[in-house]
Amino acid sequence: MTLRKRYTLFTIFWIIFILLLFNIFVYLFVINITTRSEEQSLTDKVKLLLENTHPEQLATYKDPGLLNDFYNVNELIRIVAPSGDIWSEEGSDKELLSQPAVYYRSHDSGLMTIGGKRVLYMRVPLYEGPIQVASLEIMRKMNTLDTYLQILVVALAVTSAGAILFAIFGTYWFTSRLTSPIQQMVSTMREIDRSGKLRKIESKPEDDSAEMQQLVRAFNQMIERLDRTFARQKQFVADASHELKTPLTVIGSYAGMLKRWGRDDAAVRDEAIESIAREVERLQNLTKSMLTLADAEQEDWLNLETFDLVPIVDELSEMMHVTFGRTVRVNAANGSVFMKGDRDKIRQLFVILIDNAIKYSKDTIDVTVSSVKQMVRVYVTDKGIGIPENEIPYLFERFYRVDGARSRATGGVGLGLSIAKRIVDLHEGQIDVMSKPGHGTTIMLQFPNRRG
Ligand code: ATP
Ligand code: MG
């Protein structure tokens with residue numbers, strides 16, 4: 001069932017329910033009030049009549065003219081003797097007149113039905129001194145009142161039907177307005193599904209509710225994100241194939257050279273073997289970096305634990321010294337700096353940064369690790385070639401290298417810093433580059449210090 005139908009049905013049933021309760025209440029209330037006022041008027045009449053019968057004597061009650069003044073079209077009024085004889089009677093309604101005359105011993109009043117009509121009655125004993133000598137009976141047909149009640153019922157029915165009709169049209173109109181953005185969204189999704197092209201929903205903010213606007217905005221944001229992701233993926237594939245093409249071309253041309261002249265010329269053979277080996281290493285690095293990057297895209301990549309940063313940096317410093325003969329000074333004033341994160345990823349992050357510092361400088365490298373307030377802060381500083389200021393914003397892009405040719409010579413593929421950025425992001429940290437060409441570069445890392 002559509003939302004619109006459901007809304008409409010719900011509103012209609014709800015309105016019918018409310019109207020029913022309301023109408024029943026009004027009807028009962030009106031009946032109650034009017035019947036009570038009729039009863040009151042009957043009581044007044046009896047009181048008046050009793051006042052007229054002074055002195056309270058049998059002869060007065062037997063006076064046939066006693067009731068003359070009390071004639072009324074819808075009424076019957078009579079005085080009945082203990083024997084059941086009627087002493088006096090006023091009234092013209094046949095149905096009322098046909099009621100048997102009964103001598104009542106006690107006071108009584110209420111409603112009864114005669115011939116399907118409501119009749120109000122009152123019976124009063126009449127006394128001479130302390131002894132009851134007769135009984136007075138008044139009956140009044142509630143004709144006019146019942147006619148009014150019928151009119152009331154018709155009026156209530158008509159207004160209720162009108163209200164329901166208005167409610168149906170109103171709800172239908174309102175829900176179609178309400179659901180039109182949903183409909184639009186569905187058709188946009190179908191369109192996306194059919195054509196395979198991402199599209200946003202155009203919303204008219206002035207006639208949509210806040211929730212709908214939120215929904216549309218969330219949908220559009222999701223589409224934007226998907227769009228960006230797809231574009232990035234496309235870019236990545238393009239960049240990766242471009243990066244793969246260069247070493248493959250080099251390997252291909254050296255292999256050709258080997259085939260043609262390599263057998264005889266030792267110099268050519270050595271050069272070719274050397275170059276092929278270098279390019280193969282590049283390819284290996286490239287594929288390794290690309291695999292790491294693809295891995296890093298996963299959200300549940302982190303393996304959280306609390307650990308000391310200093311020994312990790314110390315160990316790397318030692319390793320760099322042994323492998324490259326370079327000095328990496330570790331400055332940790334506090335002796336140890338703990339942080340919560342993925343130990344292996346953080347180690348990889350340091351490898352990337354120290355590797356860059358080694359590649360792009362010749363002097364000593366400084367790594368400073370400290371814990372300030374709620375932050376863990378790390379500086380990796382070199383006194384190398386530096387990075388021009390206008391290049392800094394692009395450093396974290398994949399395959400981005402400042403001066404491509406120079407970096408190719410150093411063996412870089414331009415993925416290091418984008419992997420670094422991803423690791424920092426996953427740890428909710430921040431990475432900043434401060435650099436001056438010719439003077440050196442400092443990379444600053446900051447992590448929230450959440451321990452335990
Ligand atoms: P790899 O993926 O092998 O690390 P890479 O070092 O070229 O390759 P990134 O680490 O992403 O790539 O660095 C991007 C570019 O930023 C480098 O090509 C280099 O030009 C520049 N760069 C990075 N660190 C430094 C540094 N400490 N000093 C000077 N230039 C740097
Ligand atoms: Mg690098």
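**First stop: a helix across a sheet**

Select helix H1 (residues 3-52), which lies across E1, E3, strand E4 (117-128) and strand E5 (131-141) and runs at about 30° to E4. Here helices (H or I, at least four residues) and strands (E, at least two) are DSSP runs, numbered from the N terminus. Lying across rests on contact, meaning heavy atoms within 4.5 Å. Axes are lines fitted to C-alpha atoms, for helices over the stretch in contact, and angles run from 0 to 180 degrees between N-to-C directions.

The model is predicted: local features need pLDDT of at least 70, side-chain atom pairs count only at pLDDT 80 or more, and totals for chains, interfaces and linings use all residues. Residues are numbered from 1 along each chain as its sequence is written, chains are lettered from A and ligands numbered from 1 in the order in which they are written, and side-chain values use heavy atoms, with hydrogens and water left out.

Now display the five strands of the open sheet, whose order is E2-E1-E5-E4-E3 with antiparallel pairing. Two strands pair if DSSP finds at least two bridges between them. At the edges are strand E2 (86-91) and strand E3 (108-114), each pairing on one side only. On average, neighbouring strands of this sheet are turned by 20° against each other, direction ignored.

Select strand E1 (residues 75-80) together with E2: five bridges join these antiparallel strands. Leucine 76 faces glycine 91 in E2. Glycine 110 stands opposite tyrosine 121 in E4. Which residue in the turn of the E3 and E4 hairpin has a positive phi? The answer is glycine 115, with a phi of about 55°; two residues lie between the strands.

A crossing is left-handed if the near helix is turned anticlockwise from the far one by less than a right angle, and right-handed if clockwise.

Colour residues 12-31 and 148-174, which an unreviewed UniProt entry lists under "transmembrane region". The span 12-31 is 100% helix and 0% strand, and its end C-alpha atoms lie 28 Å apart. Residues 148-174 are likewise 100% helix and 0% strand, with end C-alpha atoms 38 Å apart.

Then select helix H5 (residues 210-262) and helix H6 (residues 266-296), which pack at about 160° with axes 9 Å apart. That angle makes H5 roughly antiparallel to H6. The crossing of H5 and H6 is left-handed.

**Last stop: a second sheet**

Finally, show the open sheet of five strands ordered E7-E9-E10-E12-E11, in which the pairing is mixed. Strand E7 (328-331) and strand E11 (430-436) stand at the edges with a single partner strand each, so one side of each has no neighbour in the sheet. Strand E9 (residues 365-372) and strand E10 (residues 375-382) run antiparallel and are joined by seven bridges. Aspartate 366 has threonine 381 in E10 as its bridge partner.

Notes
Angles under 35 degrees count as roughly parallel, over 145 as roughly antiparallel, 65 to 115 as roughly perpendicular and the rest as oblique. UniProt positions are given in the numbering used here, feature names are shortened, and annotations may be inferred rather than shown by experiment.
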